[in-house]
Amino acid sequence: GNPHASNYNEGADGDLAGTLSTSGGLAPTQLTATVGTNSISLGVPEGGDRDYFTFTVPAGHGLSSIVHTSYASTDNLSFMGFQAGAQLTEPFSGANPANLLGYLHFGPTTVGTDVLDNLANSDTSMPAAAGFDAPLPAGPYTFWVQQTGVQAAYSFDFATTPVPEPGQWALMLGGALLVAARVRRSRAA
């Protein structure tokens with residue numbers, strides 16, 4: 001697996017932007033993302049919490065997975081949504097899912113799974129989000145994670161991996177075609 005590139009733990013590193021009384025999405029906490037696995041651990045006090053953070057995928061890389069690694073709460077349903085860019089412009093009350101790239105409800109049943117696919121496919125949810133194709137390309141993304149009722153703790157591993165430049169794809173495809181042609185010639189001989 002990938003080495004842990006960076007870690008953010010609300011218990012040790014401080015509360016992320018956002019509370020139940022403010023939008024927070026316009027001034028999210030800026031997190032540093034590096035190549036590899038970037039772990040984020042969130043803690044929710046009794047009464048609930050909203051957290052907003054911006055995660056920038058480095059140039060030449062893509063966000064290839066978001067693995068939900070832990071969940072502890074008496075409420076088995078929490079929420080995550082996100083937009084491209086350095087802010088989340090949807091209000092928490094009356095948010096329009098069509099203005100989110102993706103969203104999901106997560107809990108004990110999603111622990112151990114890659115939820116990036118769930119987020120990508122939320123364009124088929126009711127109501128529908130915009131949707132996207134994974135991996136997400138380089139650039140900033142702002143996430144909104146919340147549990148608004150009871151105490152909770154959950155964590156995620158965001159994995160960034162290198163993605164070939166368009167010219168590299170052509171080289172790789174050309175190389176694969178050469179190998180296939182050689183195999184075909186050797187079988188014919």
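Modeller: Contact means heavy atoms within 4.5 Å. This is a predicted model, in which local features need pLDDT of at least 70 and side-chain atom pairs count only at pLDDT 80 or more, while totals for chains, interfaces and linings use all residues. Residues are numbered from 1 along each chain as its sequence is written, and side-chain values use heavy atoms, with hydrogens and water left out.

Colleague: Which residues is Ser65 in contact with, leaving aside neighbours within four places in sequence?

Modeller: They are Asp114, Leu116, Asp157, Phe158 and Ala159. Ser65 is found in strand β5 (residues 61-73); strands are DSSP runs of E, at least two residues, numbered from the N terminus.

Colleague: Is Ser65 buried or exposed?

Modeller: Buried means under 20% relative accessible area, and exposed over 50%, with a 1.4 Å probe and protein chains only. Ser65 has a relative accessible area of 14%, so Ser65 is buried.

Colleague: How is the sheet to be read?

Modeller: Strands of a sheet pair through backbone hydrogen bonds, either parallel or antiparallel. Two strands count as paired if DSSP finds at least two bridges between them. Here five strands form an open sheet with mixed pairing, in the order β2-β4-β8-β6-β7.

Colleague: Why is one side of β2 and of β7 left without a neighbour in the sheet?

Modeller: β2 (29-31) and β7 (102-106) stand at the edges, each with a single partner strand, so one side of each has no neighbour there. Strands β6 (residues 78-84) and β8 (residues 139-147) pair in the antiparallel sense over six bridges, and Ala84 stands opposite Tyr141 in β8.

Notes:
Helix = DSSP H or I, 4+ residues; strand = E, 2+ residues; numbered from the N terminus.
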